[in-house]
Amino acid sequence: MLPLAQIAKGTGHEVGGSDRSYDQGRTPEKFAWLAENGFDLFPQDGSGIASADQILIASAAVEDTVPEVAKARELGCARMSRAELLSALFNEAGYSIAIGGTSGKSTVTGMIAWILSEAQHDPTVMNGAVMKNFADADNPFASARVGNPRIFVSEVDESDGSIALYKPTIGVLLNVSLDHKSIEELRSLFGNYLSEAGCGVVNFDNEEARALAPQAGQAISFAINEQSADLTVEPSSIEQSAFGIRAAVIDNRSKEAFALTLPMPGMHNLSNALAAIAAVSAAGIDVQQAVAALGSFNGLGRRFDVVGTTPAGTTVIDDFGHNPEKCAATLRTLKATPGRVIAFFQPHGYGPLRQMGGELAETFARELDSGDVTIMCDPVYYGGTVDRSEGTERIIKLIADQGGNAQHVAERAACGDRIVEIAKPGDRIVIMGARDDTLSSFARRVFERVAEQMA
């Protein structure tokens, strides 16, 4: 909602809002920044809705019992979902690039935004994470970039089906895997998405995505392993380190090769880079120019975001991993270099935990060794009517049943105590989870405490 509010205000609208986090006193620095930058803040008691001329924008997670919703209905205010407003702005643009898929959307959106910005195209960008290249003291919450409204780049969400609202000039499909919906539902949504795009950009390494490619009228493919793709890499050229990856990007259309140095680790980020290069290539940007721009891409907040490394060599990482594919990508990146992994995971809700708990357990059991440790607290819960009968304990048991080393510690603060207690020199401690901005401050505090103890 924050980046959408930034874009709406940046295009001339008066914007105000409420948030349960604001009422509960969480992330006060974010709300202070909003107030300082002209956003009207209200408690979530309906007081922000005072006129029938207002339009209520609410995310799909907002229930009808929230006072703003009831007050807007009483006054006869128009109501739009987050996706309806975003898709309206997106579809009005003269040139639009949408990034869809189960995992990697925010990173690829940031990469495309940076390449276009470096090429002096001044895009407007809607992202789900802070883009470090665009963040500064004046805008530390740069999950949006307000530029030319005629060039619009946005990640698009399949979890609530709203991806069907977008009509992109270029539609990127990164992958199709279990998250909020069944595979059958995802195939339908992503297939229709590609058919609506002027040009589809499809990951041929992902079997499900590749199978949908024929539904795009025109398509550009990218892949690491599928060497017949339009854009790929020379396998022997791949060099991984703890904080970056290098490879020779091959454009099979022109038979040219370009040396990519990406300051982000992991094979999944190499795939993300190919996706971004393929997308801007479809928009007419030279591949060589795109590869060069990614050399200065600083990444995104909470996407394998290194908080710090102690003098004893223990590293703490803040990461958005919350579904099986995202968690697997992060854990594989960590396991590509030596050292024990302590993986803390905060489930982002009771509903998602029921939907993909089995796959999450399989991921942690498969990707981590017996010497590694998984620690999970109870799911995020800020109120509402969700069924809380099934929690983290089931996932811990499933991990243990598959030979993994997992512990359930109900309270997050106690998880921090446990991590500090067991941390050793050379460990990589990763803090994982979504829908909770306070995880970043938790990660910083864990780092400070580990560094203090080891000193």
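Axes here are lines fitted to C-alpha atoms, for helices over the stretch in contact, and angles run from 0 to 180 degrees between N-to-C directions. With that convention in place, and bearing in mind that the model is predicted, one can begin with helix α14, residues 412–422, and helix α15, residues 438–454, which pack at an angle of about 30 degrees while their axes lie 10 Å apart. Because angles under 35 degrees count as roughly parallel, α14 is roughly parallel to α15. The crossing in which α14 passes α15 is right-handed. Sorted by class, the contact of α14 with α15 has six nonpolar residues, three polar ones and three charged ones.

The crossing of α9 and α10 is right-handed. Here Ala273, Ile277, Val280 and Ser281 in α9 meet Val287, Ala290, Val291 and Leu294 in α10. By class, this contact of α9 with α10 has seven nonpolar residues and one polar residue, with no charged residues.

Thr232 lies in strand β12, which spans residues 231–233. Its relative accessible area is 1%, so Thr232 is buried, the cut-off for that term being under 20%. The side chain of Thr232 is joined to that of Gln227 by a polar contact of 3.2 Å. Leaving aside residues up to four places away in sequence, Thr232 touches Ala223, Ile224, Glu226, Gln227, Ala248, Val249, Ile250, Asn252 and Leu274.

The other threonine, Thr374, belongs to strand β19, residues 373–376. With a relative accessible area of 2%, Thr374 is therefore buried by that cut-off. Residues up to four places away in sequence being again left out, Thr374 touches Ala343, Phe364, Leu368, Ile399, Asn405, Ala406 and Gln407. As for a residue that lies elsewhere in the chain, Thr374 and Phe39 are 335 residues apart in sequence, and their C-alpha atoms are 40 Å apart in space.

Technical notes. Residues numbered from 1 in each chain as written. Predicted model: local features only at pLDDT ≥ 70, side-chain atom pairs only at ≥ 80, totals over all residues. Heavy atoms only, no water. Left-handed = near helix turned anticlockwise from the far one by under 90°. Helix = DSSP H or I, 4+ residues; strand = E, 2+ residues; numbered from the N terminus. Contact = heavy atoms within 4.5 Å. Nonpolar A, V, L, I, M, F, W, Y, C, P; charged D, E, K, R; others polar. Buried < 20%, exposed > 50% of the residue type's maximum accessible area, 1.4 Å probe, protein only. Polar contact = N/O pair within 3.5 Å; in protein donor to acceptor, adjacent residues only side chain to side chain. Parallel < 35°, antiparallel > 145°, perpendicular 65-115°, else oblique.
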